[in-house]
Amino acid sequence: MRANSDDPDRDLPPAAVRRALDRHLSGAAAGEGEVGAEGLALLERERWAEAVETLEEALRLAEREGGAHRVLAVRHDLALALIGSGDLDRAIGLLGPLPDEFAALPEPDEHGRARALESLGDAYLRANRPVAALNFFGQALEILRRLDDPGGQAAMFVRIADAARLRGDGAAERAALDRAAELTRPA
């Protein structure tokens with residue numbers, strides 16, 4: 001690309017250009033002004049530290065302007081960024097109450113509840129606590145069964161296999177992977 005003296009981003013450092021691109025892409029994908037869109041773009045790019053900073057701001061905005069569901073969704077996104085950045089204690093603290101809060105909404109969000117349980121399981125798995133992770137993955141699996149979501153169930157069985165592997169339980173790992181494969185086979 002040819003340098004253009006009229007280009008305001010020409011002299012920006014690469015990180016600033018990436019942030020400008022993220023802002024542009026998140027605005028185009030989610031509609032200008034949507035709280036947390038930039039944070040989601042950073043999450044997708046696994047730019048954890050920047051996502052944490054952006055989503056903390058998005059959470060403050062959602063708490064002032066958004067409804068209860070929006071606040072819970074942004075808290076979940078922030079927890080995902082914290083997991084990615086390695087701040088597991090803080091992520092677990094944010095995620096702990098989320099499943100019950102999604103269930104307590106005026107219109108309960110069972111998918112949100114299952115996602116929060118999966119993320120909580122992931123945080124515990126990364127903290128090398130596979131038994132706790134199995135508990136949360138199992139709860140998420142039960143919700144996904146009630147919702148008749150075979151793809152979600154298969155994904156949860158893969159997560160259960162991850163926890164079984166970390167526990168050193170090869171038989172449970174194979175059984176979970178077999179069940180995931182069964183759920184993804186065409187009928």
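Trainee: What should I know before I start?
Mentor: This is a predicted model, where local features need pLDDT of at least 70, side-chain atom pairs count only at pLDDT 80 or more, and totals for chains, interfaces and linings use all residues. Residues are numbered from 1 along each chain as its sequence is written, and side-chain values use heavy atoms, with hydrogens and water left out.

Trainee: OK. How many helices and strands in the protein chain?
Mentor: Ten helices and zero strands. Helices (H or I, at least four residues) and strands (E, at least two) are DSSP runs, numbered from the N terminus.

Trainee: What share of the residues is buried?
Mentor: 42% of the 187 residues. Buried means under 20% relative accessible area, exposed over 50%, partly exposed in between (1.4 Å probe, protein chains only).

Trainee: And the accessible surface of the chain, what does it come to?
Mentor: About 10,400 Å², with 51% of that belonging to carbon and sulfur atoms. The areas come from the Shrake-Rupley method with a 1.4 Å probe; for residues, only the protein chains shown count as cover.

Trainee: What about contacts between residues 24 or more positions apart?
Mentor: They account for 45% of the contacts with a separation of 6 or more. Contact means heavy atoms within 4.5 Å.

Trainee: Switching to Tyr-124. Where is Tyr-124 found?
Mentor: In helix α7, residues 110-126. Tyr-124 is buried, at 13% relative accessible area.

Trainee: Which residues is Tyr-124 in contact with?
Mentor: Ile-92, Arg-129, Ala-132, Ala-133 and Phe-136, leaving aside neighbours within four places in sequence.

Trainee: How many aromatic pairs does the count come to?
Mentor: One aromatic pair. Tyr-124 and Phe-136 form an aromatic pair that is stacked, 5.4 Å centre to centre with 25° between the planes. Rings of Phe, Tyr and Trp (its six-membered ring) pair if their centres lie within 6.5 Å; planes under 30 degrees apart count as stacked, over 60 as edge-to-face and the rest as tilted.

Trainee: Which helices hold Tyr-124 and Phe-136?
Mentor: Tyr-124 lies in α7 and Phe-136 in α8 (residues 130-146), so the pair ties together parts twelve residues apart in sequence. Both residues are buried.

Trainee: Now α5 and α7. At what angle do they pack?
Mentor: About 155°, with the axes 10 Å apart. Axes are lines fitted to C-alpha atoms, for helices over the stretch in contact, and angles run from 0 to 180 degrees between N-to-C directions.

Trainee: So are α5 and α7 roughly parallel or roughly antiparallel?
Mentor: Roughly antiparallel. Angles under 35 degrees count as roughly parallel, over 145 as roughly antiparallel, 65 to 115 as roughly perpendicular and the rest as oblique.

Trainee: Which residues meet there?
Mentor: From α5, Leu-88, Ile-92 and Leu-95. On the α7 side they meet residues including Ala-116, Leu-120 and Tyr-124.

Trainee: Loops next. What is phi of Glu-46 near?
Mentor: Near 55°, a positive value in a residue other than glycine. Most residues other than glycine have a negative phi. Glu-46 sits in the loop between α2 (37-44) and α3 (48-65).

Trainee: Is Glu-46 buried or exposed?
Mentor: Exposed, at 55% relative accessibility.

Trainee: And Asn-128, what is its phi near?
Mentor: Near 65°, again positive in a residue other than glycine. Asn-128 is in the loop between α7 and α8. Asn-128 is exposed, with a relative accessible area of 53%.

Trainee: Last one. Where is Gln-153, and which residues does Gln-153 touch?
Mentor: Gln-153 is in helix α9, residues 150-167. Gln-153 is buried at 7% relative accessible area. Not counting residues up to four places away in sequence, Gln-153 touches Leu-141, Leu-144, Arg-145, Asp-148 and Leu-183.
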